[in-house]
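Good morning, colleagues. Please look at the model on the screen while I take you through it.

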Amino acid sequence: MKKLLVLVAAVLLFSLNPASAQKYGHVNSSEILELMPGIDSLQIKLMAFQTELQSTYESMMTEYQQKKDKFDREVGTMSSSVRQLREKELEDLANRIQEFQSIAQEDLENKQFELAKPFQDKIQNAINKVAKDHGFTYIFDTKILLYSNGEDITPLVKKELGIK
């Protein structure tokens, strides 16, 4: 009983202590990003970059398919050494295509990060300002984690950025 009273007293003391008063908020940064002026140009640039990569990939695949078809047509008339040489060429080309796919995916992700960074920085600066101006201790991004407690500061951040 004595432990229970001490526990209740500690909880009451902690909850009445102004230093323990914490204000929580949450924001949907994805929603804000979609509404930001200039985001359309980012998507257009990203699509153009992706189209360029896709075009290169398709031309590599066309080259591979043409060489493979030629190999299949002529395999019966080739000497062993020519057959091995052409098989090696096909294998090398297939490896280059696979390597290109990996590099292209990484390049696409880097380009997306590079183009989005200025927008994300603006959003983060606005979130920081709103948090400071309104006395929030923690701001959770609903893009990253589901959070239903606290105040939704998305409208305040939009206002800070001049977005309606």
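I shall speak about a pocket, a helix packing and an aromatic pair.

This is a predicted model, in which local features need pLDDT of at least 70 and side-chain atom pairs count only at pLDDT 80 or more, while totals for chains, interfaces and linings use all residues. Residues are numbered from 1 along each chain as its sequence is written, and side-chain values use heavy atoms, with hydrogens and water left out.

I begin with the pocket. The largest pocket holds about 270 Å³ of space. A pocket here is an open set of points on a 1 Å grid where a 1.4 Å probe fits, with protein on both sides within 12 Å along at least five of seven lines; lining residues have an atom within 4 Å of a point. Its lining has 15 residues, and S29, I123, Q124, I127 and D141 lie nearest the centre. By class, seven are nonpolar, five polar and three charged. α4 (80–134) contributes at least two lining residues, as do α2 (29–35) and β2 (138–141); α4 gives the most, with six.

Next, the packing. α4 meets α5 (residues 154–161) at an angle of about 115 degrees, the axes being 9 Å apart. On the α4 side, the contact (heavy atoms within 4.5 Å) includes I123 and I127, two residues also among those nearest the pocket centre.

Finally, the aromatic rings, which pair if their centres lie within 6.5 Å and count as stacked with planes under 30 degrees apart. Y24 and Y138 are stacked, 5.5 Å centre to centre with 10 degrees between the planes. This pair joins strands β1 and β2, its members 114 residues apart.

Technical notes:
Grid points are joined across faces, edges and corners, and a volume is the space filled by probe spheres set on the points. Helices (H or I, at least four residues) and strands (E, at least two) are DSSP runs, numbered from the N terminus. Ala, Val, Leu, Ile, Met, Phe, Trp, Tyr, Cys and Pro count as nonpolar, Asp, Glu, Lys and Arg as charged, and the others, Gly among them, as polar. Axes are lines fitted to C-alpha atoms, for helices over the stretch in contact, and angles run from 0 to 180 degrees between N-to-C directions. Rings of Phe, Tyr and Trp (its six-membered ring) pair if their centres lie within 6.5 Å; planes under 30 degrees apart count as stacked, over 60 as edge-to-face and the rest as tilted.
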